[in-house]
Each structure stands twice: as structure tokens, then as C-alpha cells.
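Let us walk through this structure together, one piece at a time. Please have a look at the sequence and the model first.

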Amino acid sequence: MRLYDVIKKPVLNTEKARDLMQNNEFVFIVDRRANKIEIKKAVEELFEVKVKSVNVLNVKAKTARSRMTMYTIPSYKKAIVKLAEGQVIKAFEQN
């Protein structure tokens, strides 16, 4: 699996993700087949940082309703990556 296939996108728009950034932890949506070792390697090589730990969550699919229409929000895999002390992802820095 290539590095760009492992990490799909960062999660920036939730309150929990913003709070975790204060503790040097970053949240990413990752490929379902990726494991912790592949996620760690991908983050270290793409963002040139040292990763301390990786926690992975499988988020289940949910059904939702809008007026008369029922639809499904698909399931996905989420990774919370904790960086080593003093490491920062420059793309996530707030101005």
C-alpha cells in the first residue's frame, strides 16, 4: 500500500479534533485495510515528524433521515496520531 493511499484526509472540523491538536495529537481518516504500523510510517514520511503512538477506531455506519428520505452514512476508519514532544505538523499550525 502506498503512503498516499493510507491517509485519506485529516479531520479538522470537529471540536474533539481541535482539542486533541492542543495535546499534539492529530486525527486522520485512513484506509480500512491500513494497520497501525503503516499509518505511523505514512505520517512520519509525509509530514516529516516523529510519531509516538497511533490509536485506531472503526466508526460504524449510521442511518440518517432527512424529511422523507432515509440514507446511510458509510463506515470508515479513523486514526489518532500522537507526535513526539516538540514535533509539529506545519500544515496544521494555526496562524
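How many bridges join β1 to strand β2? There are three, and the two strands, of which β2 covers residues 25-30, run antiparallel. One of the bridges sets I7 against its partner V30 in β2. Two strands count as paired if DSSP finds at least two bridges between them; helices (H or I, at least four residues) and strands (E, at least two) are DSSP runs, numbered from the N terminus.

Before going on, a word about the model. It is predicted, so local features need pLDDT of at least 70 and side-chain atom pairs count only at pLDDT 80 or more, while totals for chains, interfaces and linings use all residues. Residues are numbered from 1 along each chain as its sequence is written, and side-chain values use heavy atoms, with hydrogens and water left out.

Now for the whole sheet. Four strands make up an open, antiparallel sheet in the order β1-β2-β6-β3. Its edges are β1 (7-10) and β3 (51-59), each pairing on one side only. Further along, β2 and β6 share six antiparallel bridges, and F28 has A79 of β6 as its bridge partner. Between β3 and β6, also antiparallel, there are eight bridges; here V54 stands opposite V81 in β6.

Next come the helices. Helix α2 (residues 15-22) lies across β2 and β6 (76-83), at about 135° to β2. Helix α3 (residues 36-47) packs on the sheet and touches β1, β2, β3 and β6, where contact means heavy atoms within 4.5 Å. The direction of α3 makes about 125° with that of β3; axes are lines fitted to C-alpha atoms, for helices over the stretch in contact, and angles run from 0 to 180 degrees between N-to-C directions.

What lies inside? In soluble globular proteins, nonpolar side chains tend to be buried together. The largest nonpolar core here has 18 residues, of which F28, I39, V43 and V81 touch the most other members. Such a core is a set of buried Ala, Val, Leu, Ile, Met, Phe, Trp, Tyr and Cys residues joined through side-chain atoms within 4.5 Å; buried means under 20% relative accessible area, exposed over 50%, and partly exposed in between (1.4 Å probe, protein chains only). At least two residues of this core come from each of β2, α3, β3 and β6.

Finally, F28 is buried, because its relative accessible area is 1%, whereas F47 is partly exposed at 29%.
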